[in-house]
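Colleague: Hi! I'm new to this one. Could you walk me through it?
Modeller: Happy to. Here it is.

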Amino acid sequence: MDRQENSTLNRIISIAQVVSVSLIWVLVTVIVVWIIGLIRLSIELHDVPGASVGISIVAIPIFITLAAILTYVFVGLQREKRRVSKLMKEK
């Protein structure tokens, strides 16, 4: 594989990583807004918001944690890529 193909492949991989991190945060935001909407609706309808609150207490932190882990992995991969790139340039 020549340098140009390798550079193009690295660029495609970086774009895919940024897209995946962005999409997971969009998904988490939509889920949190949806759950908050369910809680508001149950209060408006004078219903007991117990189930909505119970689900949100569990679901919201899980989704935020998963998104944070994906972001952490992405940032770690980028740092490692830069570190390896510097080492290769020094040689």
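Colleague: How many helices and strands does the chain have?
Modeller: The chain has two helices and zero strands. Keep in mind that this is a predicted model.

Colleague: Is the chain a compact globule or more spread out?
Modeller: The chain is more spread out than a compact globule, because its radius of gyration is 21 Å, well over the 12 Å that the globule rule gives for 91 residues. Along the principal axes, the C-alpha trace spans about 70 × 20 × 15 Å.

Colleague: Thanks! What percentage of the residues count as buried?
Modeller: Of the 91 residues, 18% count as buried. The accessible surface of the chain comes to about 7,400 Å², and 70% of that belongs to carbon and sulfur atoms.

Colleague: Which residues make up the largest nonpolar core?
Modeller: There are eight in all: V28, I31, V32, I35, I39, A59, I60 and A67. The elements giving two or more residues to this core are α1 (3-44) and α2 (50-90).

Colleague: And which element gives the largest share of this core?
Modeller: That would be α1, with five residues. As background, nonpolar side chains tend to be buried together in soluble globular proteins.

Colleague: Let's zoom in on V28. What is it in contact with?
Modeller: Setting aside neighbours within four places in sequence, V28 is in contact with F63, I64 and A67.

Colleague: How about I24, where does that lie?
Modeller: I24 lies in helix α1. Leaving out neighbours within four places in sequence, I24 is in contact with A67 and L70. The C-alpha atoms of I24 and A67 are separated by 5.9 Å, although the two residues are 43 apart along the chain.

Colleague: Why does I24 count as partly exposed?
Modeller: Its relative accessible area is 22%, and buried means under 20%, so I24 falls in the partly exposed range.

Colleague: Now S42: buried or exposed?
Modeller: S42 counts as buried, because its relative accessibility is 8%. This residue lies in helix α1, and S42 touches D47 and P49, if you don't count residues up to four places away in sequence.

Colleague: Going back to the whole chain, what share of contacts joins residues at least 24 apart?
Modeller: Among contacts between residues at least 6 apart in sequence, 73% join residues at least 24 apart.

Colleague: Last topic, charges. How many positive and negative side chains are there?
Modeller: The chain has 10 positive and 6 negative side chains. The centres of those two sets lie 12 Å apart.

Technical notes:
Residues are numbered from 1 along each chain as its sequence is written. This is a predicted model: local features need pLDDT of at least 70, side-chain atom pairs count only at pLDDT 80 or more; totals for chains, interfaces and linings use all residues. Side-chain values use heavy atoms; hydrogens and water are left out. A nonpolar core is a set of buried Ala, Val, Leu, Ile, Met, Phe, Trp, Tyr and Cys residues joined through side-chain atoms within 4.5 Å. Buried means under 20% relative accessible area, exposed over 50%, partly exposed in between (1.4 Å probe, protein chains only). Helices (H or I, at least four residues) and strands (E, at least two) are DSSP runs, numbered from the N terminus. Contact means heavy atoms within 4.5 Å. The radius of gyration is taken over C-alpha atoms; the globule rule is 2.2 Å times the number of residues to the power 0.38. Accessible areas come from the Shrake-Rupley method with a 1.4 Å probe; for residues, only the protein chains shown count as cover. Lys and Arg count as positive and Asp and Glu as negative; His and the chain ends are not counted. The place of a charge is taken as NZ of Lys, CZ of Arg, CG of Asp or CD of Glu.
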